[in-house]
Protein chains: 6
Amino acid sequence: MLGVDSPLLVQRALSEDLGGYGDITSAWTVPAALRGQAVIRARQELVVSGLALAEEVAREVDASLMFVREAADGELLQDGDAVARLEGSARSTLTSERTMLNFLSHLSGVATQSRRFAKAVEGTGAFVVDTRKTTPGLRSWEKRAVVHGGCRNHRFGLFDLVLIKNNHLTAAGGVREAVRAAQAMRPHYIKIEVEVESELDLREAIASGADVIMLDNQDLEQLRRLVAVARDLKPDVMLEASGGVRLETVRAVAETGVDLISTSALTMGAPAADLALTLTVEA
Amino acid sequence: MLGVDSPLLVQRALSEDLGGYGDITSAWTVPAALRGQAVIRARQELVVSGLALAEEVAREVDASLMFVREAADGELLQDGDAVARLEGSARSTLTSERTMLNFLSHLSGVATQSRRFAKAVEGTGAFVVDTRKTTPGLRSWEKRAVVHGGCRNHRFGLFDLVLIKNNHLTAAGGVREAVRAAQAMRPHYIKIEVEVESELDLREAIASGADVIMLDNQDLEQLRRLVAVARDLKPDVMLEASGGVRLETVRAVAETGVDLISTSALTMGAPAADLALTLTVEA
Amino acid sequence: MLGVDSPLLVQRALSEDLGGYGDITSAWTVPAALRGQAVIRARQELVVSGLALAEEVAREVDASLMFVREAADGELLQDGDAVARLEGSARSTLTSERTMLNFLSHLSGVATQSRRFAKAVEGTGAFVVDTRKTTPGLRSWEKRAVVHGGCRNHRFGLFDLVLIKNNHLTAAGGVREAVRAAQAMRPHYIKIEVEVESELDLREAIASGADVIMLDNQDLEQLRRLVAVARDLKPDVMLEASGGVRLETVRAVAETGVDLISTSALTMGAPAADLALTLTVEA
Amino acid sequence: MLGVDSPLLVQRALSEDLGGYGDITSAWTVPAALRGQAVIRARQELVVSGLALAEEVAREVDASLMFVREAADGELLQDGDAVARLEGSARSTLTSERTMLNFLSHLSGVATQSRRFAKAVEGTGAFVVDTRKTTPGLRSWEKRAVVHGGCRNHRFGLFDLVLIKNNHLTAAGGVREAVRAAQAMRPHYIKIEVEVESELDLREAIASGADVIMLDNQDLEQLRRLVAVARDLKPDVMLEASGGVRLETVRAVAETGVDLISTSALTMGAPAADLALTLTVEA
Amino acid sequence: MLGVDSPLLVQRALSEDLGGYGDITSAWTVPAALRGQAVIRARQELVVSGLALAEEVAREVDASLMFVREAADGELLQDGDAVARLEGSARSTLTSERTMLNFLSHLSGVATQSRRFAKAVEGTGAFVVDTRKTTPGLRSWEKRAVVHGGCRNHRFGLFDLVLIKNNHLTAAGGVREAVRAAQAMRPHYIKIEVEVESELDLREAIASGADVIMLDNQDLEQLRRLVAVARDLKPDVMLEASGGVRLETVRAVAETGVDLISTSALTMGAPAADLALTLTVEA
Amino acid sequence: MLGVDSPLLVQRALSEDLGGYGDITSAWTVPAALRGQAVIRARQELVVSGLALAEEVAREVDASLMFVREAADGELLQDGDAVARLEGSARSTLTSERTMLNFLSHLSGVATQSRRFAKAVEGTGAFVVDTRKTTPGLRSWEKRAVVHGGCRNHRFGLFDLVLIKNNHLTAAGGVREAVRAAQAMRPHYIKIEVEVESELDLREAIASGADVIMLDNQDLEQLRRLVAVARDLKPDVMLEASGGVRLETVRAVAETGVDLISTSALTMGAPAADLALTLTVEA
């Protein structure tokens, strides 16, 4: 199932590219009746993501254009592998090309980056998770791409997890006060996570019954120490490391014993993946 | 003037973050009456872009929240410089924070990247220009950010320039045929650009009266040679180099004598800029 | 803060009422310059909800119409108490009347019904919670009204809690298999709830590590027995009773020792509250 | 034909339920390839309404899901009767379930309630009609449900009938003045109805040429008297009783000789109808 | 009150004109700080209509631009008279100019044309009314313009009057059958109009109780005869002439004694009115 | 390909006509099962335009209604020629009729008017072009209709050509200053056009390197003189005549030697074309 908002997203993207006159180059240089076959290929190793949007682009541009998937979202492809094939009007294919590729490059970029992080922590037991640092308008698609690449999602937005950060602690008057206030109001199915920067806060957070503890901006040594303190107090408490994590350092962080490592490098920091469409027109 | 589509864009971004229950953490841990002062600061050298969207976020979340710009779009800031200040409800400030920063980080990233490229070609007489490889839904904002950083825009979409590429040449039967076909149809104010990959095509494109020639995927030596050929035939023909340009190589490309260098590195390849909001609540 | 979707909701409601010609009766019988003062009053004991929407109606109809709240969402009012006052154009007041009252009646109805249930279980330690049986298009407003009335929210939709029901159990092959499958995929902050109908399933659900157990369609005796079994296995497991609960029976259910009782009676079953607007025109 | 606004309405309802991650329970516990057969059945005697919306929900969730109607809008069903059948992906069926049922329960509730009132006045010659007290966003669907149940519609909104109420009378200076003012402005095809509360006003309304007279908040005795007065003056004048009508009292009101009885009990006062979906998965 | 759909209409119109880059000429040639005063004037005798839309254009482009009305919708102006004044940013004024004028020219054209027809029938007792031949997307504004010009509205759409035409008569089996069918279904407040082309049909329509009779495509002689027949049968029956009416012939048609004359010349046939904006910039 | 905004445009047009109750006349007088065949015919000589919208209307009203084109956009038809045929539900055909015809009449009117102008200048080498004086919401469709009729498009909006008019010249300080300012900012693919009213300005515009010169509001003699001056200075400069051009005068203007003649007569001044639908129902 394609998300309910995707037609709007695709229409908006096409509208940016087509303006009022449409694809004037194809209209004026490509015969209306010319048919072609096209293939979208990976031009690097990548994890595919965004196929549903590419398919919707083709359908919006020309309902008679055939779009056949040659790979699935989440699949690892090598340079040269086919992602999808199109068959139909050559004009419509060219008109669709850039918008299809923009979705696929962006989202496969996120999935591929996520795969790098997932591989980096393999075997440690820790998961790398995303953040809310996403491209406005594309969050649900980027978060799916994170999963396609083998990482996990953190909360979707402000509404599905209580995540008490420094500003909230200051406003509430401390860890205990903030956690208590949230516990008094939250529905039974909503967890509470607290960001701590000291051992004192960590102990208070666990004592207050927080479900998850975020250890923010700690070096490896501090992380190891805090993990030990936490496990000693409550062995199964969920621990998340956060702040300044890079691909080069993520394994070391994972080896401190935390359960989760969150980083915006999966989404905002992901380089676009390289894909291209080639068209063969019929003689 | 804020673009006519921006309220929709901002509402969509906020809707992703607020869902049905809104900012539950702030609602349950921050007193409703608590007021605060916040400042958004650069945490690296950057060129600001996207202030209108950040301001619109604040207004949508809480019309009584004051948002005061401390910098202008296109301004170069140093690490620690203020971008904007907010004053009003502490809850509303925290609710707005991430969406404001996501717009500013993404667009200031594009502007800052564009500045790097603009500096790299300074003094050569060439301009670096963007492409249509933009984030779906954000094209007009990314293209403004490119200008904020000191680069130029290429065509906005498929509708405001005839750009004849390989696929069109094949379909039309050659450079001359494609250019003639476009000339016969185009309104008087629309220019024609042709992508060429050989000297033969270059000569034919100039002979046919193309306004701009794109020299695609040429090495420096070939570029220099083709520029010489072109200038010899028509001194003031506009020449664009395209394909695989990086920050490290862009100056050398500019020095071949082309007028324009297009690269998706300005938009899809731009790393997000680092900004942060700090809140001070009133005693 | 008014939800980001509320202007659309209010515009849609007004559009239903105004059509293409608008309020023809007021336009043709009420002088354009006539000003008036109006008050919206409760005509029964009720808990107010939906004031932000009523205020938005007034603003959409006529930005110069003053709307002053005389009560707050969640406040308990008696028959005759004022909810809000309006001052300005008599025509605009009459044009707004029905749409304002439709929002207030519907949502105050939900809040008032929720208060009845909340009072019924007072002192038992159990909470009454809502379901996903809501009016299409109004879920976030109805769920806030539930809280205004003193009850709690269950999950907002399909996306913020794993709730494994009979159909999922059948498809997955049993309680253990379903819980394991969900545990393997869920982000760390998402809880898992399982619906059980037998003691065997209850034991398996607890053993598998489900966070919440829904005891569906049990009579009081069975409920008491299952609560005892569950508390014996895991004292702090969260238990929810569900199915066929009415205002007359909810206290007895609460006294079985469950933590939560879910019922669609809070939303779909809530009778509209009675409110009315009276207008005084200036001499 | 499905109303032009229904796709938007259905998308909005689905969007509430799916959020950004979609139906996580089905995604994680039900195999993607599992197919099933489902039937939606009445669990009480009811008049069906809203089938077009339920069908649209299925189509939006998964275009390959087959939805076959087993009953027609307006049909009276008994407990256990099938309303519709679905065949296709088990996941898609479960994802659609609640949104389909929310539309059907709400609208069949209105139709069933309308049938109760229609039966109550059977043989009296009077019609029971709806009001503008409808759920914001659902008016056209609720008004169709009223007809499915055997009652009639009153005006759709403020735009298709002049209905002069007390506030208008005060503003205009009296019945005669208000009716004259409206007569001078109304298009030829728009009728004029006047609300009266005394015999004097009734006589003036008829003398002024009002097409319909609303007798508001009268007891049975007064109604009978006013009907007699009106019939005496103008035998074929259309008379509507309004205010505080209940199922228990509606027949007595009808027997006073009025032509129409309007009541919000058809819409805002209608209890939701009980329907359920059962799924059988293929072995 | 501005119609609820007008912001969308204005945004769509501005979006056509601004595209992705906005008003590049003003941005590049007019200093950002330059302020100006502008006046919109009639350049012919005209009846103003559409001021609310022009004002909304100014507000959408730049909320700080002052827009002051110098005339009211429905007012008759002479060549040179001021319609409105603007004060503020010169750039914003120029950016708004064309969209403001397009609304005003189109709608004042309809109002002015309507005035011509209204004057032509003055004193005859007949009204000229519009049709459903309107510009898609602008019906409610064109219909208001018709009233501003002194004519009347016919039904708004297919939903607010039963208008039985030839095709319906054929399908229903005759005038009597069609009218009876409609009478059996219509709400009490909906009138029935029937199109007739012969005396036989006219007699049947009146006998069946139709509220309005449309005499379609009759010459003056036939009209006079049918009017006499109709008045003889039912003196107060409402009679409408329709088909091929022009400004030159409308008075003669009115003098046949019909009550209404409908013509698409008021809307689709109305020439745009001539208005212009002149800007004075501050020294 | 149908433009991406057309479904919205068609839905809005249908929504105007259907309101909340839909086509009540057809619903109550035409049997649901009745099938028919309909043909849309030209009732005058006309150039067809808008078929895609008419087809979309049919599809939105009833997906099972067959719509077959009997002509193509841009085709010249004679009185009586078929434009399209429909087959299917008689009700759905009647419900679609007016909205289909409104699109076709309006756009074929523009195309037919454009053909008149195109014929008038045939053989002169000049093109007649449109302006931005278009109906709000319909610009892209009207501009396509202009091309269907044989004329050319001028710029689409404010964003795709620099067009420096009097107000900009005043603000910038003169022709040279304005052109230089635009040259310094414009992307390489955007042309610059300048409006001039004197020989001095004309000389300065050419000297500054403007791509196109608009000669505004000149009589024929002045036009001839300015064309001679311009051709003398720069033989291939593009020259546009503008202001007060009518069908009777356009050829004389073309014969002055200008390249382009712009006139709002193609769009705002175009009379609607006459088309009609006739329905045959099956026995």
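User: How many salt bridges are there between chain F and chain E?

Analyst: Some conventions come before the count. This is a predicted model, in which local features need pLDDT of at least 70 and side-chain atom pairs count only at pLDDT 80 or more, while totals for chains, interfaces and linings use all residues. Residues are numbered from 1 along each chain as its sequence is written, chains are lettered from A and ligands numbered from 1 in the order in which they are written, and side-chain values use heavy atoms, with hydrogens and water left out. A salt bridge is a side-chain nitrogen of Lys or Arg within 4 Å of a carboxyl oxygen of Asp or Glu. Between chain F and chain E the count is 4, and one salt bridge joins the side chains of E:R139 and F:D17 at 2.6 Å, N to O.

User: Which elements of chain F each supply at least two residues of the side that touches chain E?

Analyst: Helices (H or I, at least four residues) and strands (E, at least two) are DSSP runs, numbered from the N terminus. In chain F the list includes the helices α1 (6-18), α4 (90-120) and α7 (175-185), together with the strands β7 (162-164) and β12 (275-281). The largest share, 8 residues, comes from α4(F).

User: How much area do chain F and chain E bury between them?

Analyst: Buried area is the accessible area (1.4 Å probe) that two parts lose on being put together, summed over both. For chain F and chain E this is about 5200 Å², 62% of it on carbon and sulfur atoms. In terms of contact (heavy atoms within 4.5 Å), 63 residues of chain F meet 63 residues of chain E.

User: Within chain A, what does the domain assignment give?

Analyst: Domain bounds come from an automatic or database domain assignment. For chain A, domain 1 covers 6-117 + 270-281 and domain 2 covers 123-266, with their C-alpha centres 36 Å apart. The contact takes 20 residues from domain 1 and 17 residues from domain 2.

User: Which residues of domain 1 of chain A lose the most area to domain 2?

Analyst: The two domains of chain A bury about 1500 Å², of which carbon and sulfur atoms give 72%. On the domain 1 side, A:V110, A:S114 and A:F117 lose the most area, together 40% of what that side buries. α4(A) gives the most to the domain 1 side, with 10 residues.
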